[in-house]
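Please look over the model below before reading on.

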Amino acid sequence: MNSYKLLLLPGDGIGPEVMAEVEKMLARLTEMGVARFETERGLVGGAAYDAHGQAISESDMALAMAADAVLFGAVGGPKWDGVPYEVRPEAGLLRLRKDLALFANLRPAICYPALAEASSLKREIVEGLDIMIVRELTGGVYFGEPKQIIDLGNGQKRGIDTQVYDTYEIERIGRVAFELARKRRNKVTSSEKRNVMKSGVLWHETIVALHRRDYADVTLEHQLADSLAMQLVRWPKQFDVIVTDNLFGDMLSDIAAMLTGSLGMLPSASLGEVDKATDKRRALYEPVHGSAPDIAGKGMANPIAMIGSLAMCLRYSFGLGDAADAVDAAISATLAAGLRTADIKSDAREAISTSAMGDAIIARLKA
Ligand code: IPM
Ligand code: MN
């Protein structure tokens, strides 16, 4: 039986509650003989700040570097609103992304048939939806320098962020998108704002050249990011793979999440480059949703995005595609059976708790 080392970083808010369901699932998968999962736990976000004044400690960073994969819950909350910018909860997540070089963020948005009612859009618009947003994750305005607020000395200040992309960053995320499309419906939509941004002009010409050179068999379309946002709510089924930069990807994936019924449904994978020598890649898996401080500790959170993130980990980090399919099928069967947490409840039926949802999914897991 293969053995894998996982670092669990539950974080803040509902993070620990949804991570608890993943731990139950890991125990079950081990029992079923899928693989052996060794888990270690670390602190990130506000939890790490409270413990040692940093958004993630050096020792937890070292654990993340050494793990086969990292499972991440959520960070942030009003409790840490006043902490210095450098150690705010989000800084822990951004450091993990940057230092582990997790440049490719895969955010699949799938609308389960049973959930079409939970979406705020009409059934025919979202039913059967299956799109993949590929978001660049280690560049752009999130990390560009200078990034500062300067005092102009005349009673005015100036806030500066820098949107910057080099050719290689655009090329490598483009490759991820084209490769994924080949295994899906063979279509990529690339998105930027080349009508106002130089980085958008470079993004567009780099993707066009890469397509011509290596991926001419894939259908390629381009859409300005604002127009893509509109198309995502107008007729999302026109898309297969969407590739875009860090900031646009952040916003567009929140829209895509709501198409599926709830932000509580969307998993994600953040992947590094494959190491040619070991054939391995660094990876972190996290739900797209945040820490939801308003419902934290109440046992109300939907664990599906977190469990779905574990399924992505099985698929992309461990090559356990069958086990990943089994987890996804168990989620689907649980929803088809009518079980709902509060966020996806669309009629009068009782909402079930986080742990009841986790148990229901585990109970439907087939060998
Ligand atoms: C996300 C989140 C993060 C981001 C925050 C928590 C820094 O919104 O993963 O989408 O902006 O990337
Ligand atoms: Mn986001």
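## A strand and a ligand site

In this predicted model, R107 stands opposite I133 in strand β5, where strands are DSSP runs (E) of at least two residues, numbered from the N terminus. Residues are numbered from 1 along each chain as its sequence is written, and chains are lettered from A and ligands numbered from 1 in the order in which they are written. Local features need pLDDT of at least 70, side-chain atom pairs count only at pLDDT 80 or more, totals for chains, interfaces and linings use all residues, and side-chain values use heavy atoms, with hydrogens and water left out.

**Strand β5 and its partners**

- Strand β4 (residues 104-110) pairs with β5 in the antiparallel sense over 7 bridges, pairing being defined as at least two DSSP bridges between two strands.
- With strand β10 (residues 241-244), β5 pairs in the parallel sense over 4 bridges, and there the bridge partner of I133 is I242.
- Because 6 of the 7 residues of β5 (residues 130-136) are buried, this strand is largely enclosed by the rest of the structure; buried means under 20% relative accessible area (1.4 Å probe, protein chains only).

**Ligand 1**

- Around ligand 1 stand E90, R97, R107, R135, Y142 and D250, each with a heavy atom within 4 Å of the ligand.

Definitions and conventions:
Buried means under 20% relative accessible area, exposed over 50%, partly exposed in between (1.4 Å probe, protein chains only).
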